[in-house]
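Dear colleague,

Please find below the structure that I am handing over to you, together with its sequence.

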Amino acid sequence: MPAVSNVLVIGAGLAGAATAIGLAAGGVAVDLIDVKPAVDAAGSGITMQGNGLRELRRLGVWEAVRAAGFPFSSLGLRAPDPAGTLLAEMPDARTGGPDLPATVGLPRSALARILINRALAAGAKLRLGTWVSSLEPGGDDVSVVLSDGSAGRYDLVVGADGIRSATREMIGITDEPQPTGMGIFRAFGPRPASVTRTDLIYGGPSYIAGYCPTSEATLYAYIVEDARDRSALSPEQRLAAMLALAEAYHGPWDDIRPTLTDPAAVSYTQFETLLVPPPWNRGRVVLIGDAAHACPPTLAQGGAQALEDAAVLTELLLARAVVDDAMWAALTARRFDRAKAVVEASCQLGQWQLDHEQGDVLGLLAAITALVSQPA
Ligand SMILES: Cc1cc2nc3c(=O)[nH]c(=O)nc-3n(C[C@H](O)[C@H](O)[C@H](O)COP(=O)(O)OP(=O)(O)OC[C@H]3O[C@@H](n4cnc5c(N)ncnc54)[C@H](O)[C@@H]3O)c2cc1C
């Protein structure tokens, strides 16, 4: 018998959907709610590293992910010069194991749809446009009232509601995300034939210009700069600002720039970081994913870390007979140091750039690669 028989999962992003799949497949009754009216509307792309792919395979969605995305196993470094000179092409570490590619780029909407469909097939019940109005911890359960007025008692509530988690606040954890000093333009658009993997250009007028193929037909391209308040820009002005920065970058950027014509496909986000100290639970309510730890995407590990949280939590709940302090200690032991290392390394990589300091980038990348290559 699993340690829980019914669970409320708040947030149907990567962490929440993955938890719903794992628990529902293990025979637990799962209610999965999301404040958004649709979970597959997010416009951009995501770079999913091998350790995240390993978790997606465990969830039974690897074939669907491979079919929807664009796998690749090398990384290019280009110069911010008029030719976009290719400086190096490096095999990328296969952190999910030799039988998975190093990376799959895919549209966020496609990944969300794949995970939600799998969660529904496993038996989870999904309610969109729904949030928690109140949570009241009992001894061995939690009483919950939802925004639609319905009430329920759950053996466990999983707060997988992202970096601005309302669950975190409801259980009295006051840690808040902090800005790291960088901001990113991201554009989702058509993939030119010249884009077959991620290439990064460091330097020039911005810190990083990069792109990631997300399917045969699509890519996302990004430019990282000093954080600015760009909230007053209209979508058209946002597109124009990104294109102006992109003028400095060449090679495949010369093929990408003319295709970036849809103002609605460009977003601007300031990088933030968060690391909630352990434990991540208060009684029978636990935080996972970005609700507990979030990092700037300099290592593209946030999604993979969210999936790993879900995998470990699910494994513990299904393997143990009771939810007790030993179970929460086991969650901390398996997840906290690993997530902390990823958060700190992601911040450090950005900080070296902000400080115009060389730093041991390769050493740090090697350390994180070795860490995340180990199963979660
Ligand atoms: C600019 C940028 C680029 C990134 N690029 C990458 C990348 O390439 N690769 C990578 O691995 N990671 C990347 N990340 C990080 C990655 O997006 C996150 O780590 C990941 O999405 C975390 O998953 P999550 O499920 O914890 O949270 P989320 O994906 O944020 O999901 C949270 C869900 O909870 C819902 N929700 C919120 N509040 C409530 C509420 N009150 N009630 C109910 N539901 C609620 C939301 O609607 C959402 O569906 C990037 C992050 C940023 C900011």
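Helix α8 gives the most to the lining of the second largest pocket, contributing 5 residues. Please bear in mind that the model is a predicted one.

At least two lining residues come from each of α1 (14–25), α2 and α8. By class, the lining of this pocket consists of 7 nonpolar, 2 polar and 4 charged residues.

Two of the helices that supply this lining, α2 and α8, also meet each other. How do their axes cross, and at roughly what angle? The axes of α2 (residues 50–58) and α8 (residues 302–319) come within 8 Å and cross at roughly 40 degrees. The two helices are therefore oblique to each other, since an angle counts as roughly parallel under 35 degrees and as roughly perpendicular from 65 to 115. The crossing of α2 and α8 is left-handed.

On the α2 side, the contact is made by N51, G52, R54, E55, L56 and R58; on the α8 side, A304, Q305, L307, E308 and A311 take part. Sorted by class, the contact between α2 and α8 has 4 nonpolar, 3 polar and 4 charged residues.

With kind regards

Technical notes:
Residues numbered from 1 in each chain as written. Predicted model: local features only at pLDDT ≥ 70, side-chain atom pairs only at ≥ 80, totals over all residues. Heavy atoms only, no water. Axes fitted to C-alpha atoms, helices over the stretch in contact; angles between N-to-C directions. Helix = DSSP H or I, 4+ residues; strand = E, 2+ residues; numbered from the N terminus. Parallel < 35°, antiparallel > 145°, perpendicular 65-115°, else oblique. Left-handed = near helix turned anticlockwise from the far one by under 90°. Contact = heavy atoms within 4.5 Å. Nonpolar A, V, L, I, M, F, W, Y, C, P; charged D, E, K, R; others polar.
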